Amino acid sequence: YVFYDEIQCLNPAGFDVPDCWAPYILGDNVRNTRCIHSLMLPFFRGSSISIPRGPQGREVERYEYKNSAEMFRILSRVVHKLLRQEGLRPQDVVVLTPHPVEKSALYHRRLDCGVLFVDKLHGNENEVVLTSVESFKGLERPVVIVAELDGFSPLALDMACLYYVALSRAQSHLILLGTY
């Protein structure tokens, strides 16, 4: 079996399924809530649109910032709320960046709330994984925070795939930070 989502192909060379293989379209979206699904749908560039079958879910949160200092303050508040007030476990949250992770302003950064962004969890309650959208494709988490969206226009055709992949990683809650 080959499970393939043509929209998640961030490689320009693409992938071709051999003609002799009969496709079976999985048309139901059971990964994301309906709120997340409706936000990612405009960035879908495939041949068959999925039908949302999940719950309505929480509204997508959007935060705008003017500079990196303000982004860190907002991100610190958001992460603190998720981990300390809502009681989520660090393994239930991921922060995605459209940049290569080493070029992200968040790379190995510690927030005011004490949380450190890491490549891999080590069982510490004060760690949250930070990775690139491209590296996280095919994976999912209950809560996804997509940060550093400044300068990335979802209207650009080549960015639609990146947005689709980033938004579709969240199962139940999606939080966006950028300069819109």
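Visitor: Which side chain meets that of R58 in a salt bridge at 2.9 Å, N to O?

Guide: This is a predicted model, in which local features need pLDDT of at least 70 and side-chain atom pairs count only at pLDDT 80 or more, while totals for chains, interfaces and linings use all residues. Residues are numbered from 1 along each chain as its sequence is written, and side-chain values use heavy atoms, with hydrogens and water left out.

The partner is E86, whose side chain meets that of R58 at 2.9 Å, N to O, a salt bridge being a side-chain nitrogen of Lys or Arg within 4 Å of a carboxyl oxygen of Asp or Glu. This pair links distant parts of the chain, since R58 lies in the loop between β2 and β3 and E86 in the loop between α2 and β4, 28 residues apart; helices (H or I, at least four residues) and strands (E, at least two) are DSSP runs, numbered from the N terminus. R58 also forms a salt bridge with E61, at 3.6 Å from N to O, and R58, E61, K81 and E86 are linked in a network of such bridges.

As for accessibility, buried means under 20% relative accessible area, exposed over 50%, and partly exposed in between (1.4 Å probe, protein chains only). With a relative accessible area of 36%, R58 is partly exposed, and E86 is partly exposed at 33%, whereas E61, at 16%, counts as buried. A search of the whole structure finds 6 salt bridges.
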